[in-house]
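Me: I would like to go through this model feature by feature. Please give the rule before the case.

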Amino acid sequence: MANIISVKDLVEVYSDGTRAVDGISFDVKEGEFFGFLGPNGAGKSTTIKVLTTLLSKTAGQVTVAGIDLDRSPRDIRKVIGVVSQETSLDVDLTGRENLRLQARLQQLHGRAMEERVDELLRLVQLHEVANKLVGRYSGGMRKRLDLASSLVHHPRLLFLDEPTTGLDAQSRSAMWDYLEDLNRKEGITIFLTTQYLEEADKLCRELSIIDHGKIIARGSPSELKEALGGDTITLTLKDGADAALRSKTREILTTIKGVTKVIDGDGGVVAYAKNAGQIIAEIAASLDRSDIHPAFLSMSSPTLDDVFLQQTGRRIRAEELSRRETEPFLM
């Protein structure tokens, strides 16, 4: 399958000297659902702005849909759709009027325009409120209308810059369904940036994890998690900042058969083991014999946050970590 995006040694340096994107290279295949996962400030939005011709790059080579970014940015804009973090809608117009306006900008008129507007309103399930002012729409409804606006001209490639930020769980889930249908049924290539672990895991077939402007890991979500070498065992220490206590805990864990890797985590230590359920009691007993009493000891299946932790030594987002499904063993 041919690449629809090719990026080589992309660099973006801001006027204040900030190196927002630091020599990244990656390819996206046509028809793929591709994701950029990383925390705020990682370089995700900057990369999308470069690829969508909204920001001039400092260095590197970029082609989008076979079009060289430097030579023909206007031609790139004809084949892409963009959904940014903030909706670009006129709240004084109805949903239908917003789509008509976008259609006219894309040189659609008459029956072809009306048919496309009706098709998109039904796609995002807004046909029943199409004649209401957008100012009265909920946040989720506005996001759906913004998505529809980006699809008016039948783009080959859709860029989504954190499209579900600020949505409630129900609206976010509905947006995921629309995006999956676009990718699978319509064959539209989707490039998604997100800081939500579950979103990246559910939607993306290929993923690059980015931090401080560099790609630190890449692969499918399952490949990235499998590379950790087993389940995750998290030990939160009562004095997690104590270097000697962390060192002693790591040393004990590495002596236990089945533990494949031990690293420092937020407020404690994280270990990986293929037979975690079988050795969790042994871990607790070994720590107790050494007079180490964790405030919390838990086991969970590996997540993309664990991949990020292994690569950087920290979690992506604390609020995401708090929602992880863990089973406590010791308090």
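Me: Which residues of H6 are buried?

Reply: Buried means under 20% relative accessible area, exposed over 50%, partly exposed in between (1.4 Å probe, protein chains only). Helices (H or I, at least four residues) and strands (E, at least two) are DSSP runs, numbered from the N terminus. In H6 the buried residues are Arg 172, Met 175, Trp 176, Tyr 178, Leu 179, Glu 180, Leu 182 and Asn 183. This is a predicted model: local features need pLDDT of at least 70, side-chain atom pairs count only at pLDDT 80 or more, and totals for chains, interfaces and linings use all residues. Residues are numbered from 1 along each chain as its sequence is written, and side-chain values use heavy atoms, with hydrogens and water left out.

Me: What do the buried residues of H6 pack against?

Reply: Contact means heavy atoms within 4.5 Å. The partners are S3, helix H4 (110-123), H5, strand S7 (157-161), strand S8 (189-194) and helix H7 (197-203).

Me: How is a buried charge read, as for Lys 143?

Reply: Lys and Arg count as positive and Asp and Glu as negative; His and the chain ends are not counted. A salt bridge is a side-chain nitrogen of Lys or Arg within 4 Å of a carboxyl oxygen of Asp or Glu. Lys 143, in helix H5 (residues 139-150), is buried without a salt bridge, and the nearest side chain of opposite charge, Asp 146, is 6.3 Å away.

Me: In what order do the strands of the open sheet run?

Reply: Two strands pair if DSSP finds at least two bridges between them. The six strands are ordered S6-S7-S8-S3-S9-S10, with mixed pairing. Strand S6 (80-83) and strand S10 (214-219) are the edges, each pairing on one side only.
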